[in-house]
Amino acid sequence: MSKEKKIKPPEGYYWPRRGFVMKNGLGEWQFTDKETVRKIMIKVGLTAGQDISFLCPASSAMLDIEMHKSVHYAGPLAGWPAGRLDLCGFRVLVTAPPRLVRPKAGGFPLWEKILDEQYGEQLPWFLGWCKAALERVTNGGGPMLPALCLAGAADLGKSLAQNHLITPLLGGRMAKPWRYWTGETTFNEDLCGAEHLMVEDDVCPVKSDKRRMLMDALKNAVANETASLHPKGDKALTVRCLWAISISTNEEPHNLRTLPLLDSSMNDKLILLRVLRRPDCLPAADDYTKFSKFSARLAAELPAFAHFLKRYRVPKAAQGVRSLVNCYRDPQLMALVNEDDPVTKHLALLDASELLGLTPLEKTSAEVENALRECEKRVVAEAAARLFANVPVGYLMREAAKRFPMRVENAGYRHDKITVWRIHRAKEG
């Protein structure tokens with residue numbers, strides 16, 4: 001009587017929270033449902049009770065997929081064609097590509113009129129940004145692309161280009177990153193599946209304590225192609241996303257708080273254009289019949305506009321170093337931004353405190369903070385307390401030295417390696 005051959009079951013583990021953990025055909029551990037485990041057992045020759053003793057071709061094929069063709073994520077991914085990719089150590093199945101506009105020679109008189117009226121002499125920067133964004137998505141990457149901010153008075157059609165030009169031009173997918181960038185959610189699967197990240201002027205201005213968070217998030221999205229993709233109910237993974245970021249906002253100072261802090265680290269990461277006027281051809285927003293026909297005309301011109309962009313040469317004055325286009329910022333808008341800038345406020349408090357005399361003041365950041373908080377002028381002390389509650393004094397001093405070197409400079413270090421700042425009084429006139 002021959003001995004029955006003992007069949008060794010495949011190695012596996014069980015985690016009550018997620019189920020079985022088995023090795024797949026790639027030698028990796030992955031979570032597996034009970035039915036798949038049953039198929040594995042049958043395939044190696046283990047049967048019991050009512051289990052069938054063989055796999056039909058369909059079940060065998062399914063098992064092969066589960067064991068040898070597993071992925072870490074499946075879904076659309078900004079800037080990538082459909083298919084399986086290896087990104088940042090993860091296997092990703094891109095399920096849907098961007099639907100790019102097919103360029104076709106022709107005219108685009110409506111868009112030409114709108115953009116010329118809205119941007120005037122700033123138009124090369126707008127066109128250069130659109131060209132760079134289109135090349136980035138079409139070519140699967142490229143130089144760094146700054147964020148584009150469009151600001152102006154109310155009811156000028158600032159978001160028209162965002163919705164009817166940029167989004168369809170880059171593939172038709174748009175997501176709003178506001179909640180993720182300001183820490184209201186940690187889930188960002190929708191952002192990673194869209195080429196155009198758009199912030200419109202209907203969002204609330206950012207509180208002071210979140211502007212640094214917004215700055216860091218925007219800076220990271222502009223400077224890095226890698227992103228943490230965090231689907232709801234699943235673990236985060238690292239992928240590459242090819243994003244183009246646009247912002248539209250009113251030009252009132254409180255609306256400009258929608259923007260991140262524009263410190264020296266943002267010099268090459270944000271373009272700020274002023275929308276000059278409302279185009280005469282733009283119908284009223286509540287006239288749905290006219291606007292529907294108008295938007296259809298805009299869409300019909302997109303192939304010609306895409307053809308124009310591919311051949312457009314960015315003028316030398318608008319060319320960038322790290323990117324195709326440099327970060328022009330409208331002077332009038334920057335004057336409004338600087339009114340609410342924490343570094344400017346900090347220097348204004350130093351001037352108002354009367355700490356600065358004819359001789360430059362030399363103090364550490366902590367000494368400057370204490371002097372302003374304890375200033376005899378109550379209005380200065382209260383304003384300093386509010387400012388320093390949201391922005392560290394050390395950051396303010398470093399930024400002031402970079403942006404206003406005639407006012408603040410590094411005067412050396414104390415024996416304990418703490419920076420001493422030399423602060424000059426503002427020149428009259």
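Two strands pair if DSSP finds at least two bridges between them. I start my notes with that cut-off, and I keep in mind that this is a predicted model.

**Entry 1: strand β7**

I looked up the partners of β7 first. β7 and strand β12 (residues 244-250) pair in the parallel sense over five bridges, which means they clear the cut-off of at least two.

Next I checked β13. The pairing of β7 with β13 is parallel too, over five bridges. Here I noted that L148 stands opposite I271 in β13.

Then I asked myself how many residues of β7 are buried. The count came out as six of the six, so β7 is largely enclosed by the rest of the structure. I sorted them by face: A147, C149 and A151 are on one side, and L148, L150 and G152 are on the other. Both faces are covered.

**Entry 2: helix α11**

What lies over the buried residues of α11 includes β7 (147-152) and β13 (270-274). Helix α11 spans residues 331-339, and its buried residues are L333, M334 and V337. Why do they fall on the same side of α11? They cover an arc of only 100° around the axis, and that puts them there.

I turned the helix around to see what else it carries. The exposed residues P331 and E339 sit on the face of α11 turned away from its buried side.

I also looked at the start of α11. There, a side-chain oxygen of D330 comes to within 3.1 Å of the backbone nitrogen of Q332.

**Entry 3: cysteines**

I ran a search for disulfides over the whole structure and got zero. C327 is in no disulfide, and the nearest cysteine sulfur, that of C149, is 12 Å away.

C327 has 17% relative accessibility, so C327 counts as buried. C375 counts as buried as well, at 13%.

**Entry 4: aromatic rings**

The structure holds seven aromatic pairs. I opened the one between F108 and F305: the ring centres are 5.2 Å apart and the planes stand at 90°, so the pair is edge-to-face. This pair links distant parts of the chain, 197 residues apart. F108 is in the loop between β6 (90-94) and α3 (109-119), while F305 is in helix α10 (residues 302-311).

F308 is partly exposed, with a relative accessible area of 28%. To close the entry, I wrote down the members of the cluster: F108, F305, F308 and Y312 form one aromatic cluster.

**Entry 5: S365**

S365 lies in helix α13 (residues 365-373). Its relative accessible area is 17%, and S365 is buried. Which side chain does S365 meet in a polar contact of 3.2 Å? I found that of W421. Leaving out residues up to four places away in sequence, S365 touches V393, G394, M397, T419 and W421.

**Entry 6: M215**

My last stop was M215, in helix α8 (residues 208-223). At 3% relative accessibility, M215 counts as buried. I looked up what M215 touches, again not counting residues up to four places away in sequence: P260, L261, D263, S265, M266 and Y395. I followed up on S265, which is 50 residues from M215 along the chain. The C-alpha atoms of M215 and S265 are separated by 9.3 Å.

Notes: Residues numbered from 1 in each chain as written. Predicted model: local features only at pLDDT ≥ 70, side-chain atom pairs only at ≥ 80, totals over all residues. Heavy atoms only, no water. Buried < 20%, exposed > 50% of the residue type's maximum accessible area, 1.4 Å probe, protein only. Helix = DSSP H or I, 4+ residues; strand = E, 2+ residues; numbered from the N terminus. Arc of directions from axis to C-beta. Contact = heavy atoms within 4.5 Å. Polar contact = N/O pair within 3.5 Å; in protein donor to acceptor, adjacent residues only side chain to side chain. Disulfide = S-S within 2.5 Å. Phe/Tyr/Trp six-rings, centres within 6.5 Å; stacked < 30°, edge-to-face > 60°.
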